[in-house]
Amino acid sequence: MVPSMGRRGAGPAIGIDLGTTSSCVAVWQHGRVEIIADDQGNRTTPSSVAFTGTQRFIGNEAQNQVVMNPTNTVFDVKRLIGRRFSDPSVQNDMRSWPFKVIDGQGDRPLIVVQYKGDEQQFTAEEITSMILVKMREIAESYLGCATDDVVITVPAYFSDHQREATKNAGAIAGLNIVGLINEPTAAAIAYGLHKRSNSETNVLIFDLGGGTFDVSVLTISQGVFEVKATAGDAHLGGEDFDNRMVSHFVDEFKRQHRKDISGNPRKLRKLKIACEKAKRTLSSTNRATIEIDSLFEDSDFSSTITRNLFEELNDDLFTKCADTVKKCLRDAKMDKSSIHDVVLIGGSTRIPRVQQLLQELFDGKELCKSINPDEAVAYGAAAKAAMLRGDDHENLHDMLLLDVAPLSLGLEAGGGNMVVVIPRNTVVPTKKERVLSTPVHKPRACIKVYEGERCTTRDNNLLGRFELCGIPSARDSSLEINVCFDIDADGILDLSIYDKTMGKEKNRITVTRDMTRLSKEEIEEMVWRAKKYKEEDEEHKRKIEAKNELEKYALKMKSSVKKVEGVIEQTISWLEATNQEAEAKEFEAKMKELKGICYSLVVEMQ
């Protein structure tokens, strides 16, 4: 069982769309889904965490730190979670991140920041947990009660490691994760609840967000959401389009001024913010201007980018999106004419070239834009959360989700070949076994588990290396080892290995998993750290509020005292000028006025 910080309340279950660039939280109540806004009215929250010499910021406040404090502002953590430090995608991303990432134990990436004057190291799970805590706080402020039960969304193409790491992040945040849901499946729920059609509908969900890309084909019929196939790239999204623009303008700045800003995190972040703004502008116009005063060494930067140039810079990425759609249709064994609706999800689907490619693929078919691309995933997550909690509303009562495994799972055989045990797009949950033989003269054996679609294991993703110790001797020339693959509804693999010859109960085999996964003890330590940081944040917040209240009161009193001093001076001046001629009633009126003002000051001071 994954540890947590304990139950705090029994409020309604919430759904959290945990995004690369921004996150969204929703709840099912009063028979419908409600997207929850923060205290500023924002319905999405930046997935950023910033650290300073005095405190920690999450969300919008962290986003405000990104230019002035780039090396201590962490973003894009979804691209890091569940990955190895040596992963080529991590190494590539590190070139564009202003914050520092180092190689930790077992090839685990660690994020390094300066916090309260000390160097601190965080796993991607810990940073993610901070974002999850922020989303829960937004929900609790709206609901007026504590809540712990949550459904968290993940890209359909997330690996086993990434899914497990996301669940661990929820545990560190003190959440009770009642389920994970694939983002396109969640969006399909939003689509299904919105359409409410009784006829069978084939839907293609095209989900292109800030950092991940998924395509899923589903058949929706009378409350049953059946995923036929899924494809995608857990490392493709708006961030990549932005980075292409940044590289282009770094080169242009070098040509204009003969200066290289590629090694300056603060200036690069400033340029990237301008590129993000230009990208959004290009969604509605054919040309965008970038102007940055004193970008580097007092040199201003001014340039323009056309929509055609933007599309040229990212042409291979757009082609990759189109090819993924074709692959998903082939895997689903469907022709494009069988698709009733193509649903756009994720902020990057606003890019005109993306929409143009999809329309060309589907012979000019009108794309479905009736659901909010930024909120649909959280919407579906909230509906699933309510369903898992037993809400008997008529729209949820008969809902059934049939999702699939996004990647094939298998074992390494002789010669480094991949032996598939569970093919991709197998409906989950599922359970399959494979029998391996090992020579009896070897007291130990190594079993390697992979995920991926290539024929050789070196081209696939290593999930774990399992060392079997204490293998008993036998009379036969080989010993049969049974490997059982069990994938749950969240798409997470549980592996059990036992001596088939001797039986499960008669022979227990020690299994050592690889070091990239967090141990129970490490999670418990991170839970403790999360609680400590939260207490420190609350104490700092109390200190700031107390300081602000004192300052406000002091300034108010100062103003009131000045007002009283002014009235006193006026009264004395009046006495000196008119005290011989004034009538008794005039003196009495002045006295009443002065007492009233002084009394008001006394009341304010209490």
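I'm working from a predicted model, where local features need pLDDT of at least 70, side-chain atom pairs count only at pLDDT 80 or more, and totals for chains, interfaces and linings use all residues. Residues are numbered from 1 along each chain as its sequence is written, and side-chain values use heavy atoms, with hydrogens and water left out.

Next I looked up the contact (heavy atoms within 4.5 Å): 17 residues of domain 1 touch 11 residues of domain 4.

**α3 and α4.** Helices here are DSSP runs (H or I, at least four residues), numbered from the N terminus. I found α3 (residues 124-143) packed on α4 (residues 160-172) at about 60°, with the axes 8 Å apart. Axes are lines fitted to C-alpha atoms over the stretch in contact, and angles run from 0 to 180 degrees between N-to-C directions. The pair is therefore oblique; angles under 35 degrees count as roughly parallel, over 145 as roughly antiparallel, 65 to 115 as roughly perpendicular and the rest as oblique. On the α3 side I listed E125, E126, T128, S129 and L132, which meet A165, N168, A169, G170 and I172 of α4. By class, that contact has four nonpolar, four polar and two charged residues. For the classes, Ala, Val, Leu, Ile, Met, Phe, Trp, Tyr, Cys and Pro are nonpolar, Asp, Glu, Lys and Arg are charged, and the others, Gly among them, are polar.

**α6.** I checked the length of α6 (residues 238-257): at 1.5 Å a residue, its 20 residues should span 28 Å, and the end C-alpha atoms are 28 Å apart, which agrees. The expected span is 1.5 Å times one less than the number of residues.

**α6 and α9.** The axes of α6 and α9 (residues 315-331) come within 10 Å and cross at roughly 160°. That makes α6 roughly antiparallel to α9. I see D240, F241 and R244 of α6 meeting D316, L317 and F318 of α9. This contact of α6 with α9 divides into three nonpolar, no polar and three charged residues.

**α9 and α10.** Last, I looked at α9 against α10 (residues 352-361), packed at about 35° with axes 10 Å apart. F318, A322, V325 and K326 of α9 make the contact with R353, V354, L357, L358 and L361 of α10. I noted seven nonpolar, no polar and two charged residues there.

Definitions and conventions
Helix = DSSP H or I, 4+ residues; strand = E, 2+ residues; numbered from the N terminus.
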